[in-house]
Amino acid sequence: MRVLLVEDHEPTLRAMAALLRQRGHEVDPFLTVDAALDADLADVALIDLHLGERSGLEVVARFASRMPCVMLTVSDEAGALVGALGLG
């Protein structure tokens with residue numbers, strides 16, 4: 001399975017990518033929203049909600065109609081979670 005992975009904390013991005021690769025997945029890792037928005041489609045996208053000054057919701061808005069997107073967050077901010085659910 002090909003995974004588009006978007007996470008702005010580089011150590012977390014590396015660890016998640018390594019874990020997914022160990023399980024046989026192909027991983028396209030991205031540290032920024034801009035880089036992710038230029039990415040090719042994958043089988044699934046794993047996207048951090050808070051990406052520095054930008055939001056993972058931008059990535060979800062771009063790709064949700066074309067591939068499954070899973071939001072990752074440690075936030076309990078209700079507005080952000082409702083926004084993610086609203087995008088599908």
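Reader: What makes β1 and β2 a pair of strands?

Author: Two strands pair if DSSP finds at least two bridges between them. Here five bridges join β1 to β2 (residues 26–30), and the two run parallel; strands are DSSP runs of E, at least two residues, and helices are runs of H or I, at least four, numbered from the N terminus. L5 stands opposite P29 in β2. This is a predicted model, in which local features need pLDDT of at least 70 and side-chain atom pairs count only at pLDDT 80 or more, while totals for chains, interfaces and linings use all residues. Residues are numbered from 1 along each chain as its sequence is written, and side-chain values use heavy atoms, leaving out hydrogens and water.

Reader: Why is β1 called mostly covered?

Author: Four of its five residues are buried, that is, under 20% relative accessible area with a 1.4 Å probe, protein chains only (exposed is over 50%, partly exposed in between).

Reader: What makes a set of residues a nonpolar core?

Author: Its members are buried Ala, Val, Leu, Ile, Met, Phe, Trp, Tyr and Cys residues joined through side-chain atoms within 4.5 Å. The largest such core has 15 residues, and L4, V6, F30, I47, V59 and M67 touch the most other members. β1 (2–6), α2 (33–37), β3 (44–48) and α3 (56–63) each supply at least two residues of this core. Apart from it lies another core, of eight residues, including V3 and L5.
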